[in-house]
Amino acid sequence: MSRTPHSARKFSSALRTHLARTLGAILITLFGTCAAISANAADDEKPLRVYFIDVEGGQATLFVTPDGQTLLIDTGWPDNDGRDADRIVAVAKKAGLSRINYVLITHYHSDHVGGLPQLVARIPVDTFIDHGDNREIGEASTLQSWKAYQELLVTNKFKRITVKPGDILPILRMHATVVSSDGAVIQAPLPGAGDPNPACKQSATQPIDQTENARSLGIFITFGNLKILDLGDLTSDKEMQLMCPMNKLGKAAIYIVSHHGSPNSGSPALVHGVEPRVAVMDNSAKKGGSPSAWEIIKHSPHLEDIWQLHFSIEGGKDHNAPEEYIANPDGPDAANYLLLNGNSDGSFSIFNSRTQKTKHYSTR
Ligand SMILES: [Zn+2]
């Protein structure tokens, strides 16, 4: 019988301890990874929520990711005793939020950035995202909005990110690519895009817009298989640069109607090229919702529904969606909102807070 020398026994015991610890570490790592995977899998089943808040023909669109990160695109109008900021905060509370991580300002018109000072007085905001400085110096209301924004920036209470086309917003779980900013657009197509756009034939050359609208910060959002397009008030001259002759955006199931449905945005080249399944229009009774813009959307190939924040008086009986697709029909205004729940498999639903009814759209 051989005896293991003491030093060898000591070594083998140390080796066993080391192996046990290593195995334990591997198991802990594996367990941790599995837990992380299952947490992600659980998150994957949670929807991306998008609230379309009624700010009377301005924009205020609130995105809430499955892990609770928040992006608000624009803040509605100034004045009115903080009406629009109150409406945004009311919806944020309904969404279970106590702060907003990112406020994206598409451009410096008062129906987009005007409500910001009142908003930050009501709810904490971490970071502003914008296209850079205001370029529209001939319009008093724009200058006023820009001045108010600068006054917020100099307080140093907020981070500011200025983006250019091709940048990715720093939001987890929602891939948002900047496609237009400060008058420039992406040069290369988005992944999977780049086909010729047959709808360019229906779009005449567009006049060059010199206002802040053409400088709108536009984003293309990918949440798994679900795609959402928001271009703020981007005008048709810039749409042509994005869409003709090559469609640099590809397809998006959800089109947040550009410029509230005004005639100088939302050309066939854009709308028909993107082929949305639904369009959501942030019009008011008397702003946006023009019959010509509505007709272009209505005749988009593969369109299933148009949803509107308001009945459009100009649209009359022929150019409005059926009433169940309108958050605020003709009559007293109750600031009803629309809520889109988007799933990573590409399916989604839209809830009308007025009717309390939800329409489901399965994957295609
Ligand atoms: Zn606008």
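Is Phe 351 buried or exposed? In this predicted model, Phe 351 is buried, with a relative accessible area of 16%. The cut-off for burial is under 20%, so the residue qualifies.

Phe 351 also takes part in an aromatic pair. The ring centres lie 6.4 Å apart and the planes meet at 55°, so the pair is tilted. Tilted pairs fall between the stacked limit, under 30 degrees, and the edge-to-face limit, over 60. Tyr 337 sits in the loop between strand 14 (326–328) and strand 15 (338–342). Phe 351 belongs to strand 16 (residues 348–352). The pair thus links distant parts of the chain, 14 residues apart.

Aromatic pairs number nine in the model. Another of them joins Phe 128 and Tyr 149. This pair is tilted as well, at 5.5 Å centre to centre and 45° between the planes. Phe 128 lies in strand 5 (residues 125–130), whereas Tyr 149 lies in helix 5 (residues 140–153). The contact therefore ties together parts that are 21 residues apart in sequence. Phe 128 is buried, at a relative accessible area of 0%. Tyr 149 is buried too, at 1%. Both residues belong to one aromatic cluster, together with Tyr 108, Trp 146 and Phe 158.

In soluble globular proteins, nonpolar side chains tend to be buried together. Here the largest nonpolar core has 37 residues. Those with the most contacts inside this core are Phe 63, Leu 71, Leu 169, Ile 219, Ile 228 and Phe 348.

Phe 63 touches residues from several parts of the sequence, including Leu 48, Arg 49, Val 50, Met 174, Ile 221, Ile 228 and Ile 256. Leu 71, also in the largest core, is another of the residues that Phe 63 touches.

Strand 1 (residues 48–52) has four of its five residues buried, so the strand is largely enclosed by the rest of the structure. Strand 1 pairs with strand 15 in the antiparallel sense, over five bridges. In that pairing, Leu 48 has Gly 342 as its bridge partner. Strand 1 also runs antiparallel to strand 2 (residues 61–64), and four bridges join the two. There, Arg 49 stands opposite Val 64.

Terms used. Residues are numbered from 1 along each chain as its sequence is written. This is a predicted model: local features need pLDDT of at least 70, side-chain atom pairs count only at pLDDT 80 or more; totals for chains, interfaces and linings use all residues. Side-chain values use heavy atoms; hydrogens and water are left out. Rings of Phe, Tyr and Trp (its six-membered ring) pair if their centres lie within 6.5 Å; planes under 30 degrees apart count as stacked, over 60 as edge-to-face and the rest as tilted. Buried means under 20% relative accessible area, exposed over 50%, partly exposed in between (1.4 Å probe, protein chains only). A nonpolar core is a set of buried Ala, Val, Leu, Ile, Met, Phe, Trp, Tyr and Cys residues joined through side-chain atoms within 4.5 Å. Contact means heavy atoms within 4.5 Å. Two strands pair if DSSP finds at least two bridges between them. Lists of a residue's contacts leave out its neighbours within four places in sequence.
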